[in-house]
Amino acid sequence: MNETKRVDPQPLAKIATGIEGFDDLSGGGLPRNRTTLVMGGPGSGKTVFSLQALVNAARQRGESGIFVAFEERGREIMANAATFDWGLPALAEKQLYILDAHLSPTVVQSGEFDLSGILAILKAKQEAMHAGWIVFDGIDVLLTLLRDPIVEMREIYRIRDWLADNELTAIITAKMDSQTSAVVNYGFMQFMVDCVIRFDRRLEYGVPAHRLQVTKYRGSDFASGEFPLSFGRSGIEVAAPEPPEIIHEASTERVSAGIERFDAMLGGGLFRGSSTLITGAPGTSKTTLIGKFAETACQRGERTLFVSFDEGADQIMRNLSSVGIDLQAHVRSGLLRMYSGRTEARSAEEHLIKLRALIRDHQPRCMVIDPLSAMAKAGGISAARAVANRLIHLMKDSKITVVISALIEGNDPQTEATDLQISTIADTWIHLSYLVCSGERNRALTIVKSRGTWHSNQVRELVLSEAGPMLTDVYSAGGEVLMGTLRWEKEAEENARQRQRQAEFEHKQRELEFAEADTRARIKALELDLQRQQAELALYTLDGEARVLSSSEREHELRRMRGADLVTRTEPAAIPSRGPVKPRDASGSGTRKKASQGE
Amino acid sequence: MRRKQIVQPSDPAAVATVVMRLYVAGGAPNSVQAIANLEAICQQHLKGNYQLEIVDVFEQPLRALADGVIVTPSLTKLSPLPAAQVVGNLSDQSKVLLALGLQGKTP
């Protein structure tokens, strides 16, 4: 049984360049103790890149390096490097040796030469300084003097062998014609070295765009796309690719947007770490809303970054103070950092890199950008779109709660959906619009979307005053939304109507109370009548009885007094009849008559 | 492989002595060639009225560094002024003569 043991792959040893973004896209930097070829046209950043790698190695890890300048003079390099925050003169004394290998034009060339001499010199220097890095900058300048491709190739192999023997991490830069995108005589160099980086500088929509691409990396993965780079204070910064997987923590903490009713509309405020987009036509108070959010963040004691484009920080602060938003105090305390960028002739990439640096320096928890759409001004929309996307992800990665404004011409949020297409990646989308009606222009606020939270579907009017922005209800009457004076009139009218209704109600109530009282009074009077009548009746009855009794008693008394026998009182015979008493037979004859008549 | 100061007596009244320094890289073919070419030129045109120092960069690299040597072989004329520098194996004799200011002095 032939069982081969599985061996873990040994990752290629790499050494960080310390160049922002590059170490990410190359998976750790340059191959350690190997040679990297940096190609590019003039002014594409080759020299800065290699010198910066050396500076960073010296500053961050105390590694020494030698920079062999074939193209520029040493003092030119020092002067150029002085525009960055490298502190090169201090480093140049001990850790970073710049060898001026620029061949003076007065030097006469007679016959073939080689590099064995300079390599011997460099070897001695390397040993003296224990250098781990070496850069051959503009090697082509020297080699083209040989005027023989075969000889040039021989010298390049000489350099390669020398580098391999000396275990140096090396960078060789060579000019490349960006039109043919090939180094004229050094095509084979790309096969010889372990890593090839191409630099490119071209004009995109009139704005110079710098790009970098790793085209070869022996034994290693690398991000193979073209990446934008820009020159900042610390040298080159590369916009490294974002990791393919989105890993954002979703916070449930709510952050106030600064206006109470606005928070209520959002179901309690913005989520911490979320992104909010405010769109609107010019003058719809985007900046005011944004400023209010920034002020509120500062009042909570959170570090905040205010980025504005094409409007100075002072002007913004002055304007905001007119609506009761005070940012100056927070700028003084250092909580708030204002940055105003100019968008003309600057690509979106450069803005991104600048913002990245600002975020790194200021470490904000909240951030506003006003307006992000300005980034698309120069350098083409597709680049700006990609940058906007990356920017939002960058802020999410840093857990920054961000509010961004975007200028929209027109008034319908659905049709425009913003040129930068940030509306799809933003968590919350607020749209501000104008409603022009009866000689007035009023601001309306709507929440177009808000991810993961209940939110109001109502339109609110945004009212600005010295006390700051606030939201009020709008009236919708007859299918029309009323704002401004009309709303005020409607409110007044409604109030008057309300008061009238109240008065009418009270009047009616009183009337009814009177009627009730009246009825009650009448009931009372009738009751009294009734009682009186009852009493009268009772009295009368009593009287009657008394009379009957007295008359019978009187008769009885009378009889007794006449001496008559005491017959029952009920004997009516005693009562005398009205007519004369007729004999019995007479009355009997009458009966008989009747009977005879009947016979 | 270091040769120093091949000094030849000369006629001081006639021409000023030419002082030169040649930097070579050990036994590298170009360096060997340069020495041979230079010696031939000196023989032919200076008639011994010259002073030549040959510096082997392999042996004195830091001196070569201080002197600003970039490629080898490299010839420097130190005097008489103006100073001149020629790089290469000196196979193009006319160029060397021009640089050394010996043009037209060929017998």
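This report covers a helix, a set of strands, the cysteines and a chain contact in a predicted model.

## Ground rules

Residues are numbered from 1 along each chain as its sequence is written, while chains are lettered from A and ligands numbered from 1 in the order in which they are written. In this predicted model, local features need pLDDT of at least 70, side-chain atom pairs count only at pLDDT 80 or more, and totals for chains, interfaces and linings use all residues; side-chain values use heavy atoms, with hydrogens and water left out.

## Helix α1 of chain B

Helix α1 of chain B covers residues 29-46. Helices (H or I, at least four residues) and strands (E, at least two) are DSSP runs, numbered from the N terminus. This helix has 18 residues and spans 25 Å from first C-alpha to last. That is close to the 26 Å expected at 1.5 Å a residue, where the expected span is 1.5 Å times one less than the number of residues.

Which residues of α1(B) are buried? Among them are B:Ala34, B:Leu38, B:Cys42 and B:His45. Buried means under 20% relative accessible area, exposed over 50%, and partly exposed in between (1.4 Å probe, protein chains only). An α-helix has 3.6 residues a turn, so residues three or four places apart point the same way. On the other side, B:Pro29 and B:Gln43 are exposed. The cover over the buried residues includes α7 (149-166) of chain A and β3 (50-56) of chain B. After the helix comes B:Lys47, with a positive phi near 50°.

## Strands in chain A

Strands β20 (residues 428-437) and β21 (residues 440-450) of chain A run antiparallel, joined by 10 bridges. Two strands pair if DSSP finds at least two bridges between them. A:His431 has A:Thr446 as its bridge partner.

## Cysteines

A disulfide is a pair of cysteine sulfur atoms within 2.5 Å. The count over all chains is zero. For A:Cys366, the nearest cysteine sulfur is that of A:Cys298, 8.3 Å away. A:Cys366 is buried, at 0% relative accessibility.

## Where the chains meet

The contact (heavy atoms within 4.5 Å) takes 25 residues from chain B and 26 residues from chain A. In chain B, B:Leu65, B:Ile70 and B:Val87 lose the most area to chain A.

Conventions:
Buried area = accessible area lost by both parts, 1.4 Å probe.
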